[in-house]
Amino acid sequence: MGTLVRGCPHHIGATVTAPDAARPPEQSHDTNIWKVAAASFIGTAVEWYDFFLYGTAAALIFNRLFFPSFDPLVGTLAAFATFAVGFVARPLGGIIFGHFGDKLGRKSMLSATLMIMGVATFAIGLLPTYERIGVWAPILLVVLRILQGFGLGGEWGGAVLMAVEHAPAHRRGFYGSWPQMGAPAGLLVANAVFSIFSRLPEEQFVSWGWRVPFLFSAVLIGIGVFIRHSVAESPAFRAHQAQAAATQASASSGAKLPALEALRTYPRQILLAMGARFAENGFFYIVTTFVLTYGTGQLKLERSTMLTAVLGATAVHLLVIPAFGALSDVLGRRPVYLGGAVGCAVLAFPFFWLLDTQSTGLIWLAITLGIIAHAAMYGPQASFFSELFGTRVRYSGASLGYQLASVFAGGLSPLIATALLTESGGKSWPVSLYMVVLALITLVSVYLSAETFREHLTESTSTAPTGGAVGTGEKREVA
């Protein structure tokens with residue numbers, strides 16, 4: 001492959017891409033961007049409701065239902081281990097749905113991911129406990145969690161690309177943040193529903209109350225599929241198909257194996273995207289999931305107190321994510337993202353100091369500050385990652401960077417944090433150090449990444465070489 005040349009009119013040994021004037025527009029003329037953004041938001045909110053519901057149940061009740069023979073803290077560790085299994089399945093979902101999303105289109109994949117997630121979540125609500133079927137209960141729980149992770153792994157890439165590829169170039173950060181808002185919306189609804197049923201008498205909650213939030217998923221999935229059905233395919237993907245057809249290439253895609261081509265063509269971008277995820281993903285699950293175990297188990301606070309604090313912070317999260325996405329359209333993706341990573345590092349120790357006061361107001365403050373720092377990374381993330389890859393492998397490339405990191409960051413962070421808390425005899429400082437390490441990995445990764453907010457998403461059948469992002473200032477070798 002040739003070497004990336006910026007600002008040079010010719011690239012020796014390569015064909016120059018089509019001039020800007022010949023490029024198809026980045027904004028759809030037949031689909032309202034607000035409709036696309038809303039559909040992406042609602043669909044991802046439903047998916048995240050299902051995924052987060054499991055995390056809340058793992059922190060509060062699954063240890064007693066599926067691992068009753070263990071010590072309570074060890075049972076929680078086992079429950080968080082099944083929570084982590086869902087993250088292991090996410091890269092596989094990203095690869096498979098990314099493959100077909102890059103070849104057949106973004107839209108067709110999204111209904112399938114919703115259905116897979118919905119069926120798995122509904123089935124958890126019907127699952128017999130350890131008391132009824134013994135060891136088969138946790139085994140089946142793991143299988144259903146794997147299906148959840150598989151569905152979510154394919155969901156994210158398609159949802160963010162539908163929003164980003166429909167958006168006008170100067171507003172990609174803002175509109176790309178809409179599917180990101182689905183995460184706090186899903187968490188908000190999951191914790192709200194779970195909080196309502198957790199107020200039942202203990203016997204009723206353990207017997208049947210915990211099941212209702214999982215069964216409620218069927219209603220939400222139906223709504224999500226119905227709304228997404230009316231949204232048109234991404235204009236960038238349609239433009240890529242038209243260009244491929246015009247050059248007598250495959251009408252479905254120029255990449256036979258998009259995931260492998262993404263790994264071959266964009267290894268640096270995938271690795272840096274993974275690193276950028278560590279603080280964002282790991283910090284989030286400590287602040288929203290592990291904090292429930294820490295508050296109820298270590299500090300002996302009421303379950304409803306911790307759930308309400310997470311709910312309040314999540315409402316703030318929902319509001320600030322699009323604000324940071326919009327800010328990245330002005331300042332760039334990197335400055336905003338780096339600010340969030342610094343915030344995570346700064347808050348690592350004060351977060352637990354505030355929790356340890358057992359003051360309701362200070363607990364709310366700790367979780368809210370953590371959520372705001374996370375939002376500074378999560379808001380611009382969808383557009384940032386999408387802009388790193390060419391259209392022909394964008395679904396696969398963005399999904400790989402996003403989902404592979406989730407295995408090592410978010411999937412393991414509640415488990416690692418609980419293990420550190422156990423080994424230290426209930427002291428929080430090892431968890432804080434762990435949070436600082438996550439922040440440092442992200443700081444280095446984002447610092448080494450290219451700024452992308454002024455780049456074009458539309459392209460010819462060329463692919464960017466391993467060193468650069470897709471952009472108008474780059475001359476790229478034709479594949």
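Eight salt bridges are counted in this predicted model, a salt bridge being a side-chain nitrogen of Lys or Arg within 4 Å of a carboxyl oxygen of Asp or Glu. Local features need pLDDT of at least 70 and side-chain atom pairs count only at pLDDT 80 or more, whereas totals for chains, interfaces and linings use all residues. Residues are numbered from 1 along each chain as its sequence is written, and side-chain values use heavy atoms, with hydrogens and water left out. Side chains of opposite charge can pair when their charged atoms come close.

One of these pairs is R303 with E202, at 3.5 Å from N to O. The pair links distant parts of the chain. R303 belongs to helix 14 (residues 303-331), E202 to helix 8 (residues 202-209), and 101 residues separate the two. Helices are DSSP runs of H or I with at least four residues, strands are runs of E with at least two, and both are numbered from the N terminus. R303 counts as buried, at 17% relative accessibility. E202 counts as partly exposed, at 37%. Buried means under 20% relative accessible area, exposed means over 50%, and partly exposed lies in between, with a 1.4 Å probe and protein chains only.

E280 and R277 form another salt bridge, 2.6 Å from N to O. Both residues lie in helix 13 (residues 267-298). They are three residues apart, so about one helical turn separates them. E280 is buried at 2% relative accessibility. R277 is buried at 0%.

E387 and R333 also meet in a salt bridge, with the closest N and O atoms 2.7 Å apart. This pair, too, links distant parts of the chain. E387 sits in the loop between helix 16 (360-386) and helix 17, while R333 is in helix 15 (residues 333-356). The separation is 54 residues. Both E387 and R333 are buried. Salt bridges with shared partners join R172, D329, R333 and E387 into one network.

D50 presents another case. This residue lies in helix 1 (residues 33-60). D50 is buried yet has no salt bridge. The nearest side chain of opposite charge is R145, 9.3 Å away. For charge, Lys and Arg count as positive and Asp and Glu as negative, while His and the chain ends are not counted. Beyond its neighbours within four places in sequence, D50 is in contact with M117, G118, T121, Q148, S217 and I221. Contact means heavy atoms within 4.5 Å.

Helix geometry was examined next. Helix 13 bends by about 45° at F290. The bend at a residue is the angle between axes fitted to the seven residues ending there and the seven starting there. Helix 17 (residues 394-408) bends by about 25° at L400. Helix 17 has 15 residues and spans 22 Å from its first C-alpha to its last. That is close to the 21 Å expected at 1.5 Å a residue. The expected span is 1.5 Å times one less than the number of residues. Helix 17 is mostly covered, with 13 of its 15 residues buried.

Backbone torsions complete the local description. Most residues other than glycine have a negative phi. K300 has a positive phi, near 60°, and is not a glycine. K300 is exposed, with a relative accessible area of 66%. Q358 is not a glycine either, and its phi is positive at about 60°. Q358 lies in the loop between helix 15 and helix 16. At 42% relative accessibility, Q358 counts as partly exposed.

Totals for the chain follow. The secondary structure comprises 19 helices and two strands. Of the 479 residues, 60% are buried. Among contacts with a separation of 6 or more, 84% join residues 24 or more positions apart. The chain exposes about 16900 Å², and carbon and sulfur atoms supply 70% of this area. Accessible areas come from the Shrake-Rupley method with a 1.4 Å probe, and for residues only the protein chains shown count as cover.
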